[in-house]
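My entries follow in the order in which I checked them.

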Amino acid sequence: MIIAEKIAGLRKRNGWSQEELAEKLGVSRQSISKWESAQSVPDMNRILKMSEIFSVSTDYLLKDNMVSLPGEDEVSAELPRTGAEESARQVSMEEAVSFLAHRDAVSGRVALAVMMCILSPVLLIVLTSLQESSILSLSETAAAGIGLTVLFVLAGAAVAIFIAVSLEGERFKYLEREEIDTEYGVNGMVKERQEQYRPTRSVQLVTGIVLCVISSIPVFIALLVFGENDAAVSVAVAALLVLVAVGVLLIVRTSMVWGGYQILLQEGDYTVECKRENRKNEHIASIYWGSAVAVFLAVSFMTNAWDRTWIVWPIAGVSYGVVTAVAQVLRKS
């Protein structure tokens, strides 16, 4: 057995999670993960420390041909689980690869559905404005009817995509909610793919953010060139929504793919502690985001200010962090 297998086996035999072993050795969980997936090797000081806390010799840790401990017949990488490890679900290489493929496939569909939601009122805004300016020879009822039909078709299609994706990903839900323990080699594979994807993520994230930031430029240009001309401003608002939609599509897609890597590595928002906290916040999330959608639609239809009401979403995103933090404080108190 190589040292990576021995560290994983001894850790599991003692019933320690990677976080607990990292604490005892004074290193990060990522370091333990790299040692156990053979991405790196601990230095001699760490090996000596492990020899003490595991009560084994340094020879056992360093020599691949030594697979037995004193008083035992065999010690393998798959030693019996006890304590905290009992609650961790095993994730095989096949399951991890399947999950990453699923995540990559659905990320584009979810991003497209979000884009459709943002674009849904564009035709309604343009048609009603052009009709009011007498540029289009349509009745007010016809313009509103066509615009609303497209709006509801796009919104309905987006909801259908969200539901379909949710149902397809049901078997992977435990990865986001429960503590997991990956088989030997899984972490190394995921880390390698994550590093390969990192440049793509940077480009898509930066491009998406820049598009959202510059999305107001068409409106400013329309106001400078055409003044208060309603038709020109409406077309500019439509261009604004298109830029925002494309920017959000890139952000959502790359964030979902990156999130898949973090889920398997239990990093970022998917550490064991975050998962435990998220389980407590599930009811809050459903109520909060349901209310946000209701507010967005109500305000948008009442004011017809679709060019401004989209600001509800970044505000809601920031506020959600505050809401969950307050809920956490209240639970502790």
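Is Glu-168 buried, partly exposed or exposed? I looked up its relative accessibility, which is 40%, so Glu-168 counts as partly exposed. I note here that the model is a predicted one.

Entry on the partner of Glu-168. I found a salt bridge between Glu-168 and Arg-109, with the closest N and O atoms 2.7 Å apart. Glu-168 sits in helix α8 (residues 140–168) and Arg-109 in helix α6 (residues 93–119), so the bridge ties together parts that are 59 residues apart in sequence. I also checked Arg-109, which has a relative accessible area of 30% and is therefore partly exposed.

Entry on salt bridges in general. I counted 11 salt bridges in the structure. One of them joins the side chains of Asp-181 and Arg-11, at 3.6 Å from N to O. Asp-181 and Arg-11 are both buried.

Glu-19 forms a salt bridge with Arg-29, and their closest N and O atoms are 3.8 Å apart. Glu-19 belongs to helix α2 and Arg-29 to helix α3, and the two residues are 10 residues apart. Both Glu-19 and Arg-29 are buried.

Entry on α2 and α3. How do the axes of helix α2 and helix α3 cross? The axes of α2 (residues 18–25) and α3 (residues 29–36) come within 8 Å and cross at roughly 110 degrees. I therefore noted α2 and α3 as roughly perpendicular to each other. On the α2 side the contact is made by Gln-18, Glu-19, Leu-21, Ala-22 and Leu-25. On the α3 side I listed Arg-29, Ile-32, Ser-33, Trp-35 and Glu-36. I sorted the residues of this contact into 5 nonpolar, 2 polar and 3 charged.

Entry on α7. How many residues of helix α7 are buried? I found 9 of its 11 residues buried, and the helix (residues 122–132) is mostly covered. The buried ones are Val-122, Leu-124, Ile-125, Val-126, Leu-127, Thr-128, Ser-129, Leu-130 and Gln-131. After α7 comes Ser-134, and I read its phi as positive, near 65 degrees.

Entry on cysteines. I searched for disulfides and the structure holds 0. I looked at Cys-117, which counts as partly exposed because its relative accessibility is 32%. Cys-212 has a relative accessibility of 22%, so Cys-212 also counts as partly exposed.

Entry on Glu-179. I located Glu-179 in the loop between α9 (173–177) and β2. Its relative accessible area is 15%, so Glu-179 is buried.

Key
Residues numbered from 1 in each chain as written. Predicted model: local features only at pLDDT ≥ 70, side-chain atom pairs only at ≥ 80, totals over all residues. Heavy atoms only, no water. Disulfide = S-S within 2.5 Å. Buried < 20%, exposed > 50% of the residue type's maximum accessible area, 1.4 Å probe, protein only. Helix = DSSP H or I, 4+ residues; strand = E, 2+ residues; numbered from the N terminus. Axes fitted to C-alpha atoms, helices over the stretch in contact; angles between N-to-C directions. Parallel < 35°, antiparallel > 145°, perpendicular 65-115°, else oblique. Contact = heavy atoms within 4.5 Å. Nonpolar A, V, L, I, M, F, W, Y, C, P; charged D, E, K, R; others polar. Salt bridge = Lys/Arg side-chain N within 4 Å of Asp/Glu carboxyl O.
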